[in-house]
Amino acid sequence: MQHITASAPGKCILFGEHAVVYGHPAVAVAIDQRINVKIELTKSSTHDWKLDGLIFDPKKHPHIEALKQRLWPTSLNAPPLSINIEGQIPTASGLGSSAALSVAASAALRAARGRWLNNSINSPENWAEGFSSRIDDTDVHSNNQPKDSIREGKLGEKVKFITGSDAVDIDECALLAHAVEAIAQGGRASPMDSSTCSHGHVVVLSDSVEEGIEWQYSRKLITPEGEREWQIHAFKPPTNEVYLVIGNTGIHAPTSKQVEKVALMLKNNPERMKEIETIGIIAKRGIKSLLNGDYESVGRAMSENQLMLQSIGVSSPELESLIQAAAPSSLGAKLTGAGGGGCMVALTRDPKTTSEAIELAGGRTIISSFGARGLTVEEATETPLWISS
Ligand code: MEV
């Protein structure tokens, strides 16, 4: 049976979680642990999709459902698919499992569908179906999104058809995954996770274009608190002299709840925006240190960032105890992701000692190199699984 497989890495945030939702700078690193998605046509004669061998339930998998509506719509007679998801990223733990899933699934669906072009050059202006993450035609985004998340296509002028990995575009996968995350997080989601899981290595978000790092694109989102804009940059760190040790508290902490908690805190105490701004200032300093390869300062900035995360109420006693255990053998440590449970991350030159210390304090550890490859289409067929008319 013809099938397509794609994978995307998880991520760890070095600086800036929560503040990034309000447009402040942040840095994330792709980790070695990945989510793999395999798709093929279902063997059954019904119209049901299958997920890991069971009938697909859209309520349990809103990310897949949103991508299905955008890239594989039943209304256009797209045939039912069977999807298998595997991976080493624990869910609801702050490691970007849902973004990695969305990125890998959008790549697999795009490779399976192929793409019509309006002329022989494959660039977004020539995509015949255009591109959009609008809710009215995709059901994946919040209403009213800025115009630049929409590219109008010219369906009547199809010239060339491309298939497999040639049809996959990292930017499109990142945009779709961001749209899906925004829905899941009540309209408040930065493109941090979706961009890191797409591009891999190190991703820097900022309120302005940063010098010395390759700028990729800007993203806008209208959140319940107003319009946000981020400049997204990516770079490959030149060294493997430092490692990330991730300690999992084992406590599930959905991002949406934590993000909402911070939004409520800021609504009731607008003066506490100062703490969010301080996280942004620490992140700016952290970015400079990172670009200079000064990992001692990077670690210090991470630990300072943790103090502010504590102050806005997203840390927890379990996270604090793992962070304390990691401190003596690491350059810096903090929670990563939305907090409230989930994972902490330590930057270290001695991953074995740091990992043992975290395990002794009751955490389950994962060791990762500092930056991993981004989205990869592992297997794709030349023949699409479905050609849209
Ligand atoms: C989640 O990994 C990080 C948060 O900043 C949310 C977001 O950026 O969308 C808490």
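Analyst: Leaving aside its neighbours within four places in sequence, Phe 370 is in contact with Leu 14, Val 29, Val 202, Pro 237, Val 242, Leu 244, Leu 290, Tyr 295 and Leu 347, where contact means heavy atoms within 4.5 Å. Before going further, please keep in mind that this is a predicted model, in which local features need pLDDT of at least 70 and side-chain atom pairs count only at pLDDT 80 or more, while totals for chains, interfaces and linings use all residues. Residues are numbered from 1 along each chain as its sequence is written, and side-chain values use heavy atoms, with hydrogens and water left out.

Phe 370 and Leu 14 are the residues with the most contacts inside the largest nonpolar core, which has 110 residues. Such a core is a set of buried Ala, Val, Leu, Ile, Met, Phe, Trp, Tyr and Cys residues joined through side-chain atoms within 4.5 Å, and buried means under 20% relative accessible area, with exposed over 50% and partly exposed in between (1.4 Å probe, protein chains only). Helix H2 (residues 97-113) gives this core its largest share, 11 residues; helices here are DSSP runs of H or I with at least four residues, and strands are runs of E with at least two, numbered from the N terminus. At least three residues of the core come from each of domain 1 (3-236 + 377-381) and domain 2 (243-369), with bounds taken from an automatic or database domain assignment. In soluble globular proteins, nonpolar side chains tend to be buried together.

Turning to the ligand, 13 residues lie around it, and those that come nearest are Lys 11, His 18, Gln 185, Ser 190 and Asp 193; a residue counts as near if one of its heavy atoms lies within 4 Å. Several polar contacts can be followed here, each being a pair of N or O atoms within 3.5 Å. An oxygen atom of the ligand is 2.6 Å from a polar side-chain atom of Ser 190, and a polar side-chain atom of Lys 11 lies 3.0 Å from an oxygen atom of the ligand. Taken alone, the ligand exposes 300 Å², of which the protein buries 98%, with areas from the Shrake-Rupley method and a 1.4 Å probe.

How values were computed
Polar contact = N/O pair within 3.5 Å; in protein donor to acceptor, adjacent residues only side chain to side chain.
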